[in-house]
Amino acid sequence: MFWNEDEGNLIHEGQHYVKKDGQDHLEAKDLMALSDAFKKADDNHDNYLTLDELEKWIATRISQHLNDGEADAKMVFLSADRDQSGYLSWEEFKVWQQRHPGKASKSRSPTVKEGSNEETMREEWALADEDKNSFLDKHEFLCFRHPELCAVTLDQLAADIMKNMDKNDDDKLTLDEYSSAPPGQVEEGFEDFERKFKEDRQKEFAVMDSNKDGSASHDELRVFLDPRNHIHARADAEELIDAADGDADGRLSFSEAVKHFSLFEKSKLMDVEDVFHSHI
């Protein structure tokens with residue numbers, strides 16, 4: 001059933017749950033989803049989530065998502081490769097897509113979804129076709145279907161970041177370059193935001209600079225951007241704690257999570273797939 005808070009500040013009204021003061025109206029299905037994620041993350045079953053528990057569960061969800069993505073791409077490739085050649089043509093994929101109209105939307109590529117126009121999908125196909133022979137092998141199809149698992153995607157993302165942030169064009173990032181706030185005067189009231197931005201970037205750079213030479217190369221940036229990198233789960237967990245820990249005790253109660261449901265709903269704690277692909 002639903003979480004039993006010691007505070008007793010959640011009551012049932014038909015198919016909805018509300019706080020006693022009438023705020024934070026949630027449908028039962030949303031509360032059930034949050035409760036399920038909270039319970040799974042709560043390793044010691046004390047009805048609180050610590051930073052370490054959040055990090056561990058988010059890392060688990062990321063790993064599950066990536067493993068599911070690999071399995072999905074393999075299954076679709078084998079099904080669509082009708083002649084078993086080991087290469088998939090666009091025509092073969094289109095036939096598979098027509099035979100499985102609901103499954104195209106299960107792709108986690110931001111463009112390979114039901115409703116995407118064919119021109120956009122062909123552009124994604126061409127991008128994944130590393131050897132430019134118009135066919136995709138199993139690895140290339142994985143990049144087409146799940147770009148977050150593809151080294152080419154990470155390489156391009158790293159190159160784009162390097163191009164935008166490498167002010168002196170020396171093909172490496174310094175701490176100052178990486179932690180610089182966007183240009184412009186900081187508006188009144190946003191000083192804390194700028195300070196937090198720089199602190200977070202400094203923490204990221206310390207991890208990114210793996211050889212500790214004071215700069216980050218393209219390869220170091222690419223490794224850092226890999227979704228399997230532990231720092232991403234840690235950063236996501238810290239964000240949830242910072243935003244929802246109302247009593248500043250370093251842990252989250254279920255009622256605190258309920259109060260910030262919109263934040264949790266869009267986090268990797270509950271919806272790792274959409275979070276991944278909204279950032280690719």
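**Helix packing and loop residues in a predicted model**

Glu-204, Val-207 and Met-208 of helix α8 meet Glu-220, Leu-221 and Phe-224 of helix α9; a contact means heavy atoms within 4.5 Å. By class, that contact holds four nonpolar, no polar and two charged residues. Nonpolar covers Ala, Val, Leu, Ile, Met, Phe, Trp, Tyr, Cys and Pro; charged covers Asp, Glu, Lys and Arg; the others, Gly among them, are polar.

This is a predicted model, in which local features need pLDDT of at least 70 and side-chain atom pairs count only at pLDDT 80 or more, while totals for chains, interfaces and linings use all residues. Residues are numbered from 1 along each chain as its sequence is written, and side-chain values use heavy atoms, with hydrogens and water left out.

**Overall picture**

- The protein has 13 helices and seven strands. These are DSSP runs numbered from the N terminus: helices are H or I with at least four residues, strands are E with at least two.
- Of the 280 residues, 39% are buried. Buried means under 20% relative accessible area, exposed means over 50%, and partly exposed lies in between (1.4 Å probe, protein chains only).
- Among contacts with a separation of 6 or more, 58% join residues 24 or more positions apart.
- The protein exposes about 15800 Å², and carbon and sulfur atoms supply 49% of that area. The areas come from the Shrake-Rupley method with a 1.4 Å probe; for residues, only the protein chains shown count as cover.

**Helices α8 and α9**

- Helix α8 spans residues 191-208 and helix α9 spans residues 218-225; they pack at about 115°, with axes 9 Å apart. α8 is therefore roughly perpendicular to α9.
- Axes are lines fitted to C-alpha atoms, for helices over the stretch in contact, and angles run from 0 to 180 degrees between N-to-C directions.
- Angles under 35 degrees count as roughly parallel, over 145 as roughly antiparallel, 65 to 115 as roughly perpendicular and the rest as oblique.
- α8 and α9 cross in a right-handed sense. A crossing is right-handed if the near helix is turned clockwise from the far one by less than a right angle, and left-handed if anticlockwise.

**Helices α2 and α10**

- The axes of α2 (residues 51-80) and α10 (residues 230-244) come within 8 Å and cross at roughly 130°. The two helices are therefore oblique to each other.
- This crossing, too, is described: α2 passes α10 in a right-handed crossing.
- On the α2 side, the contact includes Leu-51, Leu-54, Ile-58 and Ile-62. The α10 side includes His-230, Ala-233, Ala-237 and Ile-241.
- The residues of this contact divide into nine nonpolar, one polar and five charged.

**Helix α3**

- Trp-90, Glu-92, Phe-93, Lys-94, Trp-96 and Gln-97 are the buried residues of α3 (residues 90-99).
- They pack against α2, α4 (118-128) and α5 (138-145).

**Loop residues**

- Asp-209 sits in the loop between α8 and β6 (215-216). At 6% relative accessibility, Asp-209 is buried.
- Leaving aside residues up to four places away in sequence, Asp-209 touches Gly-214, Ser-215 and Glu-220.
- Asp-169 is not a glycine, yet has a positive phi of about 55°. Asp-169 lies in the loop between α6 (151-165) and β5 (173-174) and is exposed, at 63% relative accessibility.
- Ala-248 has a positive phi near 55°. Ala-248 lies in the loop between α10 and β7 (251-253) and is exposed, at 64% relative accessibility.
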